[in-house]
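Biologist: Please show me the model, and then we can go through what the terms mean.

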Amino acid sequence: MSSGVSFGRLVPVVFILLWSSGWVAAEFGTMVSPPLIFLVIRFGVAILFFAAIGVLSGARLPRSRRELGRILVSGVLLHGGYLGPVWWAIGQGVPAGISGIIAGLQPLLTALLAPYVLDERLSRLQKLGLVLGFLGVALAGVA
C-alpha cells in the first residue's frame, strides 16, 4: 500500500492550473509578441514536453491513420479554432478576465445544446452541474 496522493488524483488539479495559466500567459505574452506567434511557440514547447512524457511513460501511439486523423482534427479545432481567437482577442485589447469568462461559457453552452443537436439526455446531476457552472460564470463576471 502506498502513502500519499496518487498521480491520477493530481491530474485534474494540474490540468486546471495549466489551463488557467493560459490567460496569464496570453496577457503578458501579447505585450512582447504577436499573440499567434507566441501561441505557436507555447504549443511548440508543450509538444516537446508532452512528447518527452509520452516516451518516458511508454504511452501508446495512434494505431491507425484514422485514429491519428481524429486526434489531429480535434487538436486543430480545440487549439487553433478556440485558443487562437481567444489569444487574438487578448492581443486586440480584450482583457484576459473577460475572455476567460466568455471562454468559460463554451463548455456550458455545448452541454446545453447537446440534447438538441446530438439528441443526448442530461441526467439530473448533469443539469445541476450546468446550473452551478452558469452560476460560477455569473459570479466571476460580477466580481
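**Terms and values**

Modeller: F49 is found in helix α2. This is a predicted model, where local features need pLDDT of at least 70 and side-chain atom pairs count only at pLDDT 80 or more, while totals for chains, interfaces and linings use all residues. Residues are numbered from 1 along each chain as its sequence is written, and side-chain values use heavy atoms, with hydrogens and water left out.

Biologist: What makes the group of L10, V14, L18, F49, F50 and I53 a nonpolar surface patch?

Modeller: Patch residues have over 30% relative accessible area and no salt bridge, and nonpolar side chains (Val, Leu, Ile, Met, Phe, Trp, Tyr) are joined within 5 Å. Those six residues make a patch of about 550 Å², and α1 (7-32) and α2 (35-57) each supply at least two of its residues.

Biologist: Why is the pair of F38 and W87 called stacked?

Modeller: Rings of Phe, Tyr and Trp (its six-membered ring) pair if their centres lie within 6.5 Å, and planes under 30 degrees apart count as stacked, over 60 as edge-to-face and the rest as tilted. The ring centres of F38 and W87 are 5.5 Å apart and the planes stand at 25°, so the pair is stacked. This pair links distant parts of the chain, with F38 in helix α2 and W87 in helix α3, 49 residues apart.

Biologist: How many residues of the lining of the largest pocket are nonpolar, polar and charged?

Modeller: Ala, Val, Leu, Ile, Met, Phe, Trp, Tyr, Cys and Pro count as nonpolar, Asp, Glu, Lys and Arg as charged, and the others, Gly among them, as polar. The lining divides into 27 nonpolar, seven polar and two charged residues.

How values were computed:
Patch = residues over 30% accessible without salt bridge, like charges linked within 9 Å, V, L, I, M, F, W, Y side chains within 5 Å. Areas by Shrake-Rupley, 256 points an atom, 1.4 Å probe, with all protein chains shown as cover. Salt bridge = Lys/Arg side-chain N within 4 Å of Asp/Glu carboxyl O. Helix = DSSP H or I, 4+ residues; strand = E, 2+ residues; numbered from the N terminus.
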